[in-house]
Amino acid sequence: MKIIITTEVDQNYLLVKSGFNVKLFSALNPPFPPVKLLRFDGSHQGDWVSLELNFLLFKSIWTSEIIADQTTKAEFYFIDEGRKLPFFLREWRHKHRIVKKEAQKSFIIDEIDFKAPNRILDFLLYPLLYLQFYGRKPIYKKYFSARQNPPSSSD
């Protein structure tokens, strides 16, 4: 299944790139399930991100490897691919794109490809995952607002 969600933000795409750090990652965590960050290396090829999802009755580890990243004059992207996934996912690939629109405007595009163990679960997960990622839009807009200080790459 594929999900694509685009959010326009009021920051230069290179400033947005520098803001993709552990602070933003923490801000993007959904209300459910609660997430405990176990490892966050960054968003460059060879980096790893690992989390513990707490579903109240059980916990599950989700670990992804950053398999690619690239910066051009018009775009930055990185791709995370699931290496250890919760039981309800068989495959996960998330391309995070930051595309220059104007000097001080960018698009953040989440392109998600996932597969569950069966097609029925694919269709059940789709609206849940869509809503989780759609919920990032106001966070992105606030975090990358031109009225805010530019995000720090050291966070």
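The following legends describe close-up views of a predicted model.

View 1. Aspartate 47 is found in the loop that joins β2 (35-40) to β3 (48-54). Its relative accessibility is 15%, so aspartate 47 counts as buried, the limit being under 20%. Beyond residues up to four places away in sequence, aspartate 47 touches Asp41, Gly42, Ser64, Glu65 and Ile66. Lysine 141 is 94 residues from aspartate 47 in sequence, and the two C-alpha atoms are 26 Å apart in space.

**View 2. Serine 64 in strand β4.** Strand β4 spans residues 59-71 and contains serine 64. Serine 64 has a relative accessible area of 4% and is therefore buried. A polar contact of 3.5 Å links the side chain of serine 64 to the side chain of aspartate 80. With neighbours within four places in sequence left aside, the contacts of serine 64 are Asp47, Trp48, Val49, Asp80, Glu81, Gly82, Arg83 and Trp92.

**View 3. Aspartate 122 in helix α3.** Aspartate 122 belongs to helix α3, which covers residues 119-134. Because its relative accessibility is 3%, aspartate 122 counts as buried. Apart from residues up to four places away in sequence, aspartate 122 touches Met1, Phe114, Lys115 and Ala116.

**View 4. The nonpolar cores and phenylalanine 114.** The largest nonpolar core has 17 residues, of which Trp62, Leu89, Trp92, Phe114 and Leu125 touch the most other members. At least two residues of this core come from each of β1 (2-9), β3, β7 (105-115) and α3. Not counting residues up to four places away in sequence, phenylalanine 114 touches Met1, Ile3, Leu89, Glu91, Trp92, Asp122, Leu125, Tyr126 and Leu129. A second, separate core of 14 residues includes Tyr13, Ile66, Phe76 and Phe144. In soluble globular proteins, nonpolar side chains tend to be buried together.

**View 5. The largest pocket and its lining.** The volume of the largest pocket is about 830 Å³. The pocket is lined by 33 residues, and Leu51, Trp62, Gln132, Phe133 and Arg136 are the closest to its centre. Two or more lining residues are given by each of α2 (22-27), β2, β3, β4, β5 (75-84), β6 (91-102), α3 and α4 (136-143). Helix α3 gives the most to this lining, with five residues. By class, the lining of the largest pocket comprises 23 nonpolar, eight polar and two charged residues.

Terms used: Residues numbered from 1 in each chain as written. Predicted model: local features only at pLDDT ≥ 70, side-chain atom pairs only at ≥ 80, totals over all residues. Heavy atoms only, no water. Helix = DSSP H or I, 4+ residues; strand = E, 2+ residues; numbered from the N terminus. Buried < 20%, exposed > 50% of the residue type's maximum accessible area, 1.4 Å probe, protein only. Contact = heavy atoms within 4.5 Å. Polar contact = N/O pair within 3.5 Å; in protein donor to acceptor, adjacent residues only side chain to side chain. Core = buried A, V, L, I, M, F, W, Y, C linked by side-chain atoms within 4.5 Å. 1 Å grid on protein atoms, 1.4 Å probe; cavity = no way out; pocket = protein on both sides within 12 Å on 5 of 7 lines; lining within 4 Å. Points joined across faces, edges and corners; volume = space filled by probe spheres on them. Nonpolar A, V, L, I, M, F, W, Y, C, P; charged D, E, K, R; others polar.
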